[in-house]
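Please look at the model below with its helices in mind. The report asks how some of them pack and how two chains touch.

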Amino acid sequence: MDCRKIQDNLLEYQHNRLPEGLKIEFRHHLEACLECRSFLESLKLVDAELDRFGEIASSPYFDQKLNVRLDDLARQSWHSGFFQLLKQPYVFSFAFLFLATVSVWIGIRHQQAARLKTLEDVIRVQEKYLGSGFPTEVAREVTPTSDQHPDSTLESKTVQTPAGVEQVIPDQDRAVVENIDLLENYDTIKNLDLADSKASLESSTETN
Amino acid sequence: MAGDNSDVDLMLRVKRGDREAFNALVQRYRKSLINFIFRFTCNEAASEDLAHEVFLKVFQSAPRYEPKAEFSTWLYRIASNASLNFIRDQRNRASVSIDGDPEKEADTSRIDLADQNVLVEEQLIEQERVRMIRKAVAGLPDQQRLALVLTKYQGLSLKEAATVLKCSEPAVKSLIFRAYTTLRERLVSVVSV
């Protein structure tokens with residue numbers, strides 16, 4: 001075995017990675033060859049110096065920091081997944097159409113509601129179509145059919161006044177007219193209004 | 001218990017989204033990974049951040065993990081790629097600090113010293129020696145340094161190192177030999193033959 005081959009494998013010899021047969025061969029060569037022996041010694045010294053490189057310890061917050069970053073990563077992947085989904089043309093179109101429909105519906109409802117800001121507005125609209133002192137029960141009896149629930153008669157776009165005149169209700173006022181709760185409490189509200197006005201009249205006469 | 005499982009078992013559990021198994025893997029490899037990055041990049045400050053990056057990468061890549069090779073070689077492969085990218089970035093910014101801040105280097109060495117009771121002069125000599133060794137290692141070509149760190153410090157076999165380095169075993173052997181001979185020349189003042 002020549003010196004070149006020995007020197008190429010000296011690290012293997014030093015780190016005990018050679019088969020037993022080769023190891024004996026190396027030992028014999030090193031006993032006889034001064035150059036290879038000194039080369040091996042220098043490699044051993046380098047190896048010893050490399051052991052001085054040292055090591056570092058992880059910070060006590062390593063795990064906590066990692067977990068925070070993992071949580072961030074999970075959040076980011078959820079967001080990116082959602083936006084990736086939105087990038088699909090049909091999903092985007094569906095979402096856009098849905099939002100547009102909801103917006104239009106909310107807008108129309110808002111416009112209807114804007115006209116009826118106070119209870120007086122509601123009563124005014126009801127009186128306009130149902131007449132002053134029009135009892136709820138009468139309203140329910142308008143155009144009754146045998147198989148319908150009494151409330152369902154209010155689904156008609158027309159309503160009969162006490163005089164028997166059929167009157168068409170504009171769409172924007174239907175919400176008020178169809179408001180069954182208000183209709184049911186109509187008499188009570190009216191009575192309360194009357195009671196209030198009587199009480200205020202009495203108090204004013206007493207003060208006078 | 002997660003600690004009783006093999007790396008591959010844990011990784012297969014991570015693949016199913018098990019954070020506990022992932023934490024067990026982190027506990028197992030945290031120290032060796034940080035030190036691998038530290039020795040390869042010779043940058044203590046960045047080692048922990050890079051280790052975080054590597055673990056995050058492992059977690060992200062878990063769904064694609066196939067237990068074909070040892071988990072450790074897969075981990076070191078990710079770590080060596082992350083470290084190489086970091087070194088290249090540093091070189092591009094032309095602010096690679098192999099020498100680093102002398103005071104910081106001194107601090108690092110001071111932490112590493114096992115015996116705190118040695119004389120100040122001896123301490124300084126030791127610090128200088130460690131600094132020279134680190135500088136010599138940092139000055140090695142990337143592949144040689146990687147082969148050296150993997151086999152010398154991380155205890156990988158030639159076969160495992162070859163898998164990480166994506167080359168043959170004789171090529172790894174050659175890289176290590178060249179690294180040793182280069183270090184022998186560079187550390188001539190330290191190594192008294």
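## Basis of the model

This is a predicted model, in which local features need pLDDT of at least 70 and side-chain atom pairs count only at pLDDT 80 or more, while totals for chains, interfaces and linings use all residues. Residues are numbered from 1 along each chain as its sequence is written, and chains are lettered from A and ligands numbered from 1 in the order in which they are written.

## Helices α2 and α3 of chain B

Helix α2(B), residues 19-41, packs against helix α3(B), residues 44-61, at an angle of about 135 degrees, with the axes 8 Å apart; helices are DSSP runs of H or I with at least four residues, numbered from the N terminus, and axes are lines fitted to C-alpha atoms over the stretch in contact, with angles from 0 to 180 degrees between N-to-C directions. The pair is therefore oblique, the class left once angles under 35 degrees (roughly parallel), over 145 (roughly antiparallel) and 65 to 115 (roughly perpendicular) are set aside.

Residues in contact have C-beta atoms, placed from the backbone, within 7 Å. Among them are Phe22(B) and Leu33(B) of α2(B), and Leu50(B) and Phe59(B) of α3(B).

## Helices α7 and α9 of chain B

Helix α7(B), residues 142-153, and α9(B) pack at about 100 degrees, with their axes 8 Å apart, which means that α7(B) is roughly perpendicular to α9(B). The residues that meet include Leu148(B) of α7(B) and Leu175(B) of α9(B).

## Contact between the chains

Chain B gives 30 residues to the contact and chain A gives 24 residues. On the side of chain B, the elements that give two or more residues are α2, α3, α6 (120-138) and α9 (169-186).

How values were computed
Contact = placed C-beta atoms within 7 Å.
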